[in-house]
Amino acid sequence: MKTYDEKHIKNVVLIGSAKSGKTTLAETMLFEAGITGRRGSVEEKNTLSDYHEIEHERGSSVYATPLHTEWKDYKINIIDTPGLDDFIGEVIAAIRVCDTAVILLNAQHGVEIGTEIIFDYVDRYQRPTILAINHLDHEKADFQNTLEEAKNFFGPAVTLMQYPIETGPGFNAIIDLLKMTMYKFPAGGGKPEKLPIPESELERANQLHNELVEKAAENDEKLMELYFEKGNLDEDELREGLKLGMMNHHVFPVFCLSAKKDMGSGRLMGFIDNVAPSAVDMPAEMLEDGSALKCTVQAPTRLFVFKTLVEPHLGKLSLFKVMSGELTPGMDFYNEKTNTNERIGQLFILDGKNRNAVESLKAGDIGATLKMKNTRTSDTLNAKGATGNIDPIHFPDPKIRMAILAKNKADDEKLGEVLHEIHAEDPTIVVQYDKETRQLLLYAQGELHLTATKWRLQHVYKMDIDFIKPRIPYRETIQRIAEASYRHKKQSGGAGQFGEVYMRIEPYHDGMPNPKDITVRDTEVHELPWGGKMVFLNCITGGVIDSRFMPSIVKGVMEKMSEGPLTGSYVRDVRVSVYDGKMHPVDSNDISFKIAGMMAFKEAFHAAEPQLLEPIFDVETEAPEQVMGDIMSELQTRRSIIMGMDSRGSFQIIKARTPLAELDKFNSALRSIAQGRAKVKVNFAEYATVPGELQKKLTEEYRKTEQEY
Ligand SMILES: Nc1nc2c(ncn2[C@@H]2O[C@H](COP(=O)(O)OP(=O)(O)OP(=O)(O)O)[C@@H](O)[C@H]2O)c(=O)[nH]1
Ligand SMILES: [Mg+2]
């Protein structure tokens with residue numbers, strides 16, 4: 001393959017809501033450019049882009065996939081992305097390394113919810129944006145409505161470059177307002193005939209052309225002057241103006257497509273070649289230390305890894321953008337994040353699963369390599385002479401969580417390792433071992449994201465797993481004073497064991513006075529690692545228990561407190577007084593008093609009106625007004641207390657307090673109520689009492705598991 005210089009490389013990302021036709025468009029572009037001789041389709045499961053089995057199973061994209069075309073004198077790198085926002089991480093990474101975003105709008109549906117979510121990221125990274133109205137051949141296609149919705153949503157930057165003469169099954173001609181030509185397609189699509197604009201369309205075309213010229217001129221004073229002088233701009237001047245406009249989001253050019261019928265993709269590629277900015281035109285990237293990095297070949301080589309993926313039979317594939325300099329196989333790099341050296345072996349460009357070896361890649365280009373051991377998604381690789389890290393990709397926080405279990409117990413340890421690898425590939429998945437509930441938790445973007453992860457574990461890592469409901473970290477405490485005693489005695493042969501403890505337990509609160517009826521000899525305050533306190537009062541008189549056994553009693557109590565009598569949860573806020581007991585001159589030892597302390601505590605605890613506490617979260621939901629009623633009911637079925645309402649623009653905010661146990665799948669419920677337009681923030685607030693009925697149920701469940709042991 002020819003090596004393209006930095007001015008002749010264009011990186012575009014195809015984004016848009018699910019099923020808007022991104023994968024079909026990518027396939028069509030590659031076919032038109034002659035990269036593939038056979039145009040596959042999503043239905044036949046033979047597109048270059050959706051090559052993973054899971055994508056075939058689902059009939060939609062799951063991964064961001066790089067492909068390329070060579071069109072006229074330019075190389076266009078295309079990243080096809082999934083539309084479902086479960087896979088938003090893939091989309092964000094792709095937007096990050098592309099210089100132009102092509103947002104597909106489905107002419108059947110106009111601007112869909114998914115589009116809004118994705119545009120947020122385009123806006124954040126200020127990527128020049130092209131709008132491509134697709135599905136124009138569909139009988140339900142409504143070009144005008146889609147355009148209106150686009151203007152409402154994207155604002156006055158929406159600039160018509162083309163319009164169709166007819167939509168639906170008769171769609172076969174586009175009026176191009178920049179070239180002032182009509183493109184007429186043969187029945188099977190492909191290369192159009194260039195014809196003069198028919199008489200009947202001239203007036204409309206002229207008017208729209210003038211609007212386009214004005215829009216292009218607005219971006220530059222020189223062009224504005226020229227426009228006033230001549231009353232028009234030539235094609236090159238128009239391109240210059242549009243490019244400037246695209247770069248500062250004053251122009252979102254609109255193109256017409258039927259990706260499926262192969263109509264319009266050639267013109268779109270021509271525009272990307274001639275107008276869309278290349279990496280060198282774009283503003284400098286930021287390094288973490290705040291310094292700027294301009295994309296140029298005349299600088300030490302620097303790579304930014306935007307994606308890593310372990311592929312079956314292949315191993316780890318790292319996808320990167322050359323941010324500066326030039327890259328050739330065998331070059332050495334340093335990864336400051338992991339403090340390791342990496343040597344680039346083979347160098348590829350990708351067209352889906354097809355890898356084409358290349359000899360060099362210049363600044364601005366996108367490539368891939370295998371076997372980079374210690375480099376993860378978002379890492380920077382610096383060749384000699386370069387230092388510093390490029391600002392990493394900021395991924396959104398996970399939205400749902402599940403506990404994950406290996407079906408085969410022997411895989412337990414390996415599962416943790418594999419999940420950390422999966423996190424390094426896809427940082428929108430977060431793994432955490434919860435010491436308290438002794439569960440491995442997987443946090444992800446949505447149910448489908450979990451499904452896709454399970455699929456990867458099964459098919460790539462050969463590991464069968466189950467997702468189960470995460471345990472809730474309940475707390476246990478008591479509501480009234482109670483006393484108990486326990487005698488531990490074992491005298492069967494050998495050395496015996498003996499210890500007896502009389503214990504009083506009380507609900508503890510700061511500042512409570514010492515008991516009046518017994519003498520306190522010593523006080524120990526234990527701040528509990530799981531919150532709350534255990535205060536221990538040594539009230540032994542007359543030396544009935546030797547003070548050297550006190551730590552053993554405390555140990556026994558603490559052991560029971562870390563696996564509470566009600567549900568095995570942590571116990572908090574209890575004052576324990578040991579006021580009497582007995583020793584045996586020979587048989588008493590540490591273990592005897594530990595057991596006696598533990599058992600006395602357990603008995604007293606059951607008599608002290610034990611109370612289960614559960615974590616309560618502050619839940620702030622922001623959503624459009626129309627769905628507030630439904631969200632309110634959803635919250636109420638989840639034992640929430642509504643704390644207040646607020647508004648932000650056209651969105652309303654409900655603040656509630658909801659038990660963690662009820663937050664299961666709340667995000668999925670919200671997504672279906674608000675069709676993806678609701679946002680939710682959850683933060684731990686406090687521990688509160690569990691309602692009696694529920695406490696009974698949980699206690700019984702625990703008792704059963706205890707008996708099983
Ligand atoms: N009629 C018509 N159908 C189209 C067009 N483009 C795509 N389709 C069909 O729409 C469906 C979705 O197309 P895809 O290319 O998979 O869409 P996508 O945007 O990649 O979808 P996700 O990867 O799931 O986000 C497929 O059945 C395509 O054949 C088009 O221009 N016209
Ligand atoms: Mg797709």
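Five cavities of 30 Å³ or more turn up in a search of the whole structure, which is a predicted model. A cavity here is a set of points, on a 1 Å grid over the protein atoms alone, where a 1.4 Å probe fits but cannot get out; its volume is the space filled by probe spheres set on points joined across faces, edges and corners. The largest cavity holds about 160 Å³. It is lined by 19 residues, and Tyr-63, Glu-90, Asp-426, His-449 and Arg-456 are the closest to its centre (lining means an atom within 4 Å of a point). Helix H11 (447-459) gives the most, four residues (helices are DSSP runs of H or I, at least four residues, numbered from the N terminus).

Now for the metal. The magnesium ion (ligand 2) has Thr-23 (OG1) and Ser-61 (OG) as protein donors, 2.0 Å from it (donors are N, O and S atoms within 2.8 Å, or 3.2 Å for Na, K and Ca; water is not among the atoms, so sites may look incomplete). Thr-23 lies in helix H1 and Ser-61 in the loop between helix H2 and strand E2, so the pair ties together parts 38 residues apart in sequence (strands are DSSP runs of E, at least two residues).

Finally, a word on conventions. Residues are numbered from 1 along each chain as its sequence is written, and chains are lettered from A and ligands numbered from 1 in the order written. Local features need pLDDT of at least 70 and side-chain atom pairs 80 or more, while totals for chains, interfaces and linings use all residues; side-chain values use heavy atoms, leaving out hydrogens and water.

How values were computed. On a 1 Å grid over the protein atoms alone, a cavity is a set of points where a 1.4 Å probe fits but cannot get out, and a pocket is an open set with protein on both sides within 12 Å along at least five of seven lines; lining residues have an atom within 4 Å of a point.
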